[in-house]
Amino acid sequence: MAGNREKFEQAMRDAYDHSWNQNWEAAIEAYKQALVESPTDLAATLGLGGAFLEMGQPQVALKVFERAVQVAPEDTSALAKLADVQERLGRPEDAAATQFRTGNAFAQQGKLEESADAWAHALRLAPNQAETHLQLAQVLEQLDRSEQAAAEYVNLAIIAQRQGDLDLAIEHCQQALRLDPD
């Protein structure tokens, strides 16, 4: 912590109180004060971004959440908030890439259900991402969700076929059949 711990803690208490009372302008000022005392505090950064969202300033919130991800690149909360605001701003490709990162972070933590959810969300935003389909297929296999994993391998086969890689398409079809012979 770079600054005064007591001032930081008071600013955070004030920010929480203002947020609870939905006094977003005062919350923003309190979070900013907290960040003066501790510029890399993740909770203060996420709180500031959330307050800007509540104030109807998604572009500013985007910048704040980007900063949060710089501070904590593997933090799933920061990544999820960034993906959410990217999606709100009509940037599906960016949101899909961030959701992919979120899924990877969850997988690193051993939270396979959460990683599957993040990757599935990424694919709703950008359906032709082969790497995301592959990651999702593999984690669905680990979760014993064979039918869903087989469907992802079929999606991979379609993508490979479109790209002219028939050998890879056949390989993915064989994976799908191995998991779901029907």
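This is a predicted model: local features need pLDDT of at least 70, side-chain atom pairs count only at pLDDT 80 or more; totals for chains, interfaces and linings use all residues.

Student: Is Leu156 buried or exposed?
Tutor: Leu156 is buried, because its relative accessibility is 4% and the cut-off for buried is under 20%.

Student: What does Leu156 touch, leaving aside neighbours within four places in sequence?
Tutor: Leu156 is in contact with Ala130, His133, Leu134 and His172.

Student: And how far is Leu156 from Glu25?
Tutor: Their C-alpha atoms are 48 Å apart. Along the chain, 131 residues separate Leu156 and Glu25.

Student: New topic. Where is Ser19?
Tutor: Ser19 is in helix H1. Its relative accessible area is 17%, so Ser19 counts as buried.

Student: Which residues does Ser19 contact, beyond four places in sequence?
Tutor: Trp24, Ala27 and Tyr31.

Student: How far is Ser19 from Gly56?
Tutor: It's 14 Å from C-alpha to C-alpha. In sequence, Ser19 and Gly56 are 37 residues apart.

Student: Let's do H3, then. Why does its length agree with what a helix should span?
Tutor: H3 runs over residues 42-54, so 13 residues at 1.5 Å a residue should span 18 Å. The end C-alpha atoms are 18 Å apart, which agrees.

Student: What happens at the start of H3?
Tutor: A side-chain oxygen of Asp41 comes within 3.2 Å of the backbone nitrogen of Ala43.

Student: Which residues of H3 are buried?
Tutor: Among them are Ala44, Leu48, Phe52 and Leu53. The buried residues of H3 pack against helices H1, H2, H4 and H5.

Student: What does Ala44 contact, again skipping neighbours within four places?
Tutor: Phe8, Met12, Tyr31, Ala34 and Leu35.

Student: On to cores. Which residues touch the most other members of the largest nonpolar core?
Tutor: Tyr31, Ala44, Leu48, Phe65 and Val85 do, in a core of 28 residues. H1, H2, H3, H4 and H5 each give two or more residues to this core. The largest share comes from H2, with 7 residues. Apart from this core lies another, of 14 residues, including Leu123 and Leu179.

Student: How many aromatic pairs are there in the whole structure?
Tutor: The search finds 2. One is Tyr16 with Tyr31, which is edge-to-face. Their centres are 6.4 Å apart, with 80° between the planes. Tyr16 is in helix H1 and Tyr31 in helix H2, 15 residues apart.

Student: Are those two tyrosines buried or exposed?
Tutor: Tyr31 is buried, because its relative accessible area is 4%. Tyr16 has 46%, so Tyr16 is partly exposed.

Student: And what about Phe100 and Trp119?
Tutor: Phe100 and Trp119 form a tilted pair, 6.4 Å centre to centre with 40° between the planes. Phe100 is in helix H6 and Trp119 in helix H7, 19 residues apart. Both Phe100 and Trp119 are buried.

Student: What else is buried in H7?
Tutor: Ser115, Ala116, Ala118, Ala122, Leu123 and Leu125. Their cover includes helices H5, H6, H8 and H9.

Student: How many residues does H7 have?
Tutor: H7 has 14, at 112-125. H7 reaches 20 Å from first C-alpha to last, close to the 20 Å expected.

Terms used
Residues are numbered from 1 along each chain as its sequence is written. Side-chain values use heavy atoms; hydrogens and water are left out. Helices (H or I, at least four residues) and strands (E, at least two) are DSSP runs, numbered from the N terminus. The expected span of a helix is 1.5 Å times one less than its number of residues. Buried means under 20% relative accessible area, exposed over 50%, partly exposed in between (1.4 Å probe, protein chains only). Contact means heavy atoms within 4.5 Å. A polar contact is a pair of N or O atoms within 3.5 Å; within protein, one must be able to donate a hydrogen and the other to accept it, and residues adjacent in sequence count only if both atoms are side-chain atoms. A nonpolar core is a set of buried Ala, Val, Leu, Ile, Met, Phe, Trp, Tyr and Cys residues joined through side-chain atoms within 4.5 Å. Rings of Phe, Tyr and Trp (its six-membered ring) pair if their centres lie within 6.5 Å; planes under 30 degrees apart count as stacked, over 60 as edge-to-face and the rest as tilted.
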